[in-house]
Amino acid sequence: MRTCRKALTTAAAVAVTAGLALPATAASWPAYGDPVTVRAEGRFVPPSSAHPSHALTYDTATVPVGARISVTERVERLAGRPATTVVLKVSGLLPSRAYGAHVHTEPCGPSPEDSGPHYQDVADPRQPSTDPAYANPGNEVWLDFTTDAAGVGAAVSRHHWRFRPDAAHAVVIHEHRTATDPGEAGTAGARAGCLTVPFESGVQATAKWTGEPIAEPARSRG
């Protein structure tokens, strides 16, 4: 099994590693089925046209300037089905505090609302979505976490589906854990921070790469 890694340098020190994007449907996946890994990371800064960043804090009391975030997505085949795993890691946040976090449809922007609604595998015809039939951790990617005494936290979410092409672009940190009751399902308070993430399905299915190599391809038997 072979995974290629590349880097994209930005003013936000955002690192991206990615493999060749696979076709959108599992039935059309190539026989070799190599997994795809995408990673983005950065330090939170306030929105600024002078210093553009892919990691933005909209509430510095909740997501302090300089706090760090990384998001890793891995897409692979398990038992003939697609499997998408998203891992969130943070540091430098408030200690012993619960946060909500979700994958959103649009990239981060100067306004907290620029990242759009939550990504949903099956889209709710009514938006904003607060119906538990659609706003739930199986149909969305929820990454709620609680920090430890040092302000470090992590979360993992796995689904047996893949993001639709060009439909998922950010992870947003919210001010509190995600609600599940009808009429408020999926809500988690104000958007406190945001990281733009080039999730795999947004990458063109091409053998061309962006950036310079940062490591030799990892090899493992499979």
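Phe-199 touches Val-71, Glu-73, Val-86, Val-103, Phe-163, Ala-168, His-169, Ala-170 and Val-171, leaving aside residues up to four places away in sequence; contact here means heavy atoms within 4.5 Å. This is a predicted model, in which local features need pLDDT of at least 70 and side-chain atom pairs count only at pLDDT 80 or more, while totals for chains, interfaces and linings use all residues. Residues are numbered from 1 along each chain as its sequence is written, and side-chain values use heavy atoms, with hydrogens and water left out.

Phe-199 also belongs to the largest nonpolar core, which has 29 residues; together with Ile-69, Val-71, Leu-88, Phe-145 and Phe-163 it touches the most other members. Such a core is a set of buried Ala, Val, Leu, Ile, Met, Phe, Trp, Tyr and Cys residues joined through side-chain atoms within 4.5 Å. Buried denotes under 20% relative accessible area, exposed over 50%, and partly exposed the range in between (1.4 Å probe, protein chains only). Two or more residues of this core come from each of strand E5 (68-78), strand E6 (81-91), E7, strand E10 (170-174) and E11. Strands (E, at least two residues) and helices (H or I, at least four) are DSSP runs numbered from the N terminus. Another core, of five residues, lies apart from the largest one and includes Leu-56, Cys-108, Ala-170 and Val-172. In soluble globular proteins, nonpolar side chains tend to be buried together.

The sulfur atoms of Cys-108 and Cys-194 are 2.0 Å apart. Because the torsion about their S-S bond is about -85°, the disulfide is left-handed. The pair links distant parts of the chain, 86 residues apart: Cys-108 in the loop between strand E7 (98-104) and strand E8 (145-146), and Cys-194 in strand E11 (residues 191-196). Both cysteines are buried.

Strand E11 is also part of an open sheet of five strands, in the order E4-E11-E10-E7-E8 with antiparallel pairing. Two strands pair if DSSP finds at least two bridges between them. The edge strands, strand E4 (55-57) and E8, each pair on one side only. E7 and E8 pair in the antiparallel sense over two bridges, and Phe-145 in E8 is the bridge partner of Tyr-99.

In the loop between E7 and E8 lies Pro-128, joined to Gln-127 by a cis peptide bond with omega of about 0°. Ala-79, in the loop between E5 and E6, has a positive phi of about 55° although it is not a glycine.

Terms used: A disulfide is a pair of cysteine sulfur atoms within 2.5 Å.
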